[in-house]
Each structure stands twice: as structure tokens, then as C-alpha cells.
Amino acid sequence: MPINAEYRGPGDLPEVIPVFPLPGALLLPRGQMPLNIFEPRYLAMVDDALRDGHRLIGMIQPDAAHSRDEAKPALFRVGCVGRITQLAEAGDGRYILELTGIARFKIMEELVVLTPYRQCKVDYFPFIDDFVARKGEEAVDREALLLVLTDFLKANDLKVDWEGVEGAPNEALVNALAMMSPYGPAEKQAMLEAPDLKTRAEILIAVTEMDLAKKRTTGDPPLQ
């Protein structure tokens, strides 16, 4: 999706960003994530992002395995910052918005703030390749990805717009399938932290194959 702002590198993004912890949420560069915002603290976060002009929100997963405080869970170290590219008011106090992923980040420090939402100082340099669209997509095994997608659809009695799939570049295809995949926080985090697009596709294929194998051997439903 085209966006009004151009981000050529880490210097085009703020070092301090608001973060939205959401289990199972995977945002990737140039991917689109719809969000239904209703909690007062996150409504305030959206208002501030719009008021400040940067329109940026950092999506990150809470790290349940290392959390002692349910009200303020520990966070994974890596997330992805997105820009608000669509926003609508629902009429009942909610925002319906869409984030377009810009680049992944590593949390350097969580700040003590007065805002009701959390803010972190982050570093984008470990993921500098995220600023280059379609970086490394020629290395993706597209045939293997489509094969496992076909098997997954059959096993779950699902359909897909094959014309859209076949016309999608490898980056868009891999990232969209990863973001829409029904797997848990650990699998989502592994795909997020993959060093390149090829590895992300391989993780997605491997996780899906394990899920399909489990269903075939045990009759259990696929991962949700």
C-alpha cells in the first residue's frame, strides 16, 4: 500500500515510540494489519500518534513466559513499527484503523512515562534491510510455499483467491501468509525475527508442515 511518508532508513523514524502489546499479532514491513481499538489507553495512544504527526505505533507481543505482572506483562525484544494509513470512527467510541508496517525494531529500554500506554526507546539498525522493498525475495522457494499453502487449504476446507496469490510478489506473499497464519505467539515471533525473507518462508513452511502432519497422524484439529 502506498503511504504519504517515505522512510529510507532508521534516521527517518523516532527513537521513542508508543508500543501496543498484543498476543499473536504479527506486523511485518509493508504488511497491513487491521485493528479494532477500544481500550481508553490505546484510544489515547492513537490520538497522540495523530496529534504528534508521526502516526506511528509499535506492535509487539507480550512475553507471557517471563511475565510476573498481568497488568504490565514483559515484552518480547523485537517488534515492528507501523504507520496509521487508514482510520475510521465506529460511532461507539472505537477506532477502526489499519497499520502499514515500516520496519522491525529492537527494544533498548522501556521508559517511565505519564501516558496510559507504554513507550520504548528502540533501535532499527539491526533490521536495516527492512527499508529496502522486496529485499532477498529471489531466494524464496515459492514452489514449496505454494505447495504447503495448497495442502493447508485442503486440510482446513478453505479457499483462496489464487489469481491474487499468483500475482503477488514473493515479499508480499510470504509476509501476508505469515501475518494471517493461525499459529501461536512463539511461531509468530520466530517469523518476525527471521533474518531474511527466505528464512521467514522456511519457518512458515516448517510450522505448517508440522501442523498438517499432526492432523494426519492424530486427527487433532490444526493449530489455532
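Start by selecting D63, which counts as buried because its relative accessibility is 12%, under the 20% limit. The model on screen is a predicted one. D63 sits in the loop that runs between strand 3 (56-60) and strand 4 (78-89). Show its surroundings: setting aside neighbours within four places in sequence, D63 is in contact with A74, L75 and F76.

Is Q189 buried or exposed? Its relative accessible area is 4%, so Q189 is buried. Beyond the residues up to four places away in sequence, Q189 touches Q61, F76 and V78.

**The charged group at R118**

Next select K72, E110 and R118, which are linked in a network of salt bridges. R118 is found in strand 6 (residues 118-123) and is buried, with a relative accessible area of 13%. Its side chain and that of E110 are joined by a polar contact of 2.7 Å. The side chains of K72 and E110 also meet, in a salt bridge of 3.8 Å from N to O. K72 lies in the loop between strand 3 and strand 4 and E110 in strand 5, so this pair ties together parts that are 38 residues apart in sequence. K72 is partly exposed at 45% relative accessibility, and E110 is partly exposed at 29%. Now widen the selection around R118: apart from residues up to four places away in sequence, its contacts include I17, P18, V19 and P21.

**Other salt bridges**

How many salt bridges does the structure hold? There are ten. One of them joins the side chains of R30 and E171, at 2.8 Å from N to O. R30 is in the loop between strand 1 and strand 2 (32-37) and E171 is in helix 4, so the pair ties together parts that are 141 residues apart in sequence. R30 counts as partly exposed at 29% relative accessibility, whereas E171 is buried at 10%. Then go to R41, which forms a salt bridge with E39, their closest N and O atoms being 2.9 Å apart.

**The nonpolar core and F20**

Select F20, L35, I37, I57, M59 and L99: of the 46 residues in the largest nonpolar core, these touch the most other members. A second, separate core has 16 residues, among them L56, A103, V122 and Y124. Return to F20, whose contacts beyond four places in sequence include L35, I37, Y42 and M45. A search of the whole structure finds one aromatic pair. The rings of F20 and Y42 have centres 4.3 Å apart and planes at 35 degrees, so the pair is tilted. F20 belongs to strand 1 (residues 16-21) and Y42 to helix 1 (residues 40-52), so the pair ties together parts that are 22 residues apart in sequence. Both F20 and Y42 are buried.

**Helix 6**

Finish with residues 197-218, the 22 residues of helix 6. At 1.5 Å a residue the helix should span 32 Å, and its end C-alpha atoms are 32 Å apart, which agrees. At its start, a side-chain oxygen of D196 reaches to within 3.4 Å of the backbone nitrogen of K198. Which residues of helix 6 are buried? They are L197, R200, A201, L204, I205, V207, T208, D211 and L212. These buried residues pack against strand 5 (95-110), helix 2 (142-155), helix 4 (170-180) and helix 5 (185-193).

How values were computed
Residues are numbered from 1 along each chain as its sequence is written. This is a predicted model: local features need pLDDT of at least 70, side-chain atom pairs count only at pLDDT 80 or more; totals for chains, interfaces and linings use all residues. Side-chain values use heavy atoms; hydrogens and water are left out. Helices (H or I, at least four residues) and strands (E, at least two) are DSSP runs, numbered from the N terminus. The expected span of a helix is 1.5 Å times one less than its number of residues. Buried means under 20% relative accessible area, exposed over 50%, partly exposed in between (1.4 Å probe, protein chains only). Contact means heavy atoms within 4.5 Å. A polar contact is a pair of N or O atoms within 3.5 Å; within protein, one must be able to donate a hydrogen and the other to accept it, and residues adjacent in sequence count only if both atoms are side-chain atoms. A nonpolar core is a set of buried Ala, Val, Leu, Ile, Met, Phe, Trp, Tyr and Cys residues joined through side-chain atoms within 4.5 Å. Rings of Phe, Tyr and Trp (its six-membered ring) pair if their centres lie within 6.5 Å; planes under 30 degrees apart count as stacked, over 60 as edge-to-face and the rest as tilted. A salt bridge is a side-chain nitrogen of Lys or Arg within 4 Å of a carboxyl oxygen of Asp or Glu.
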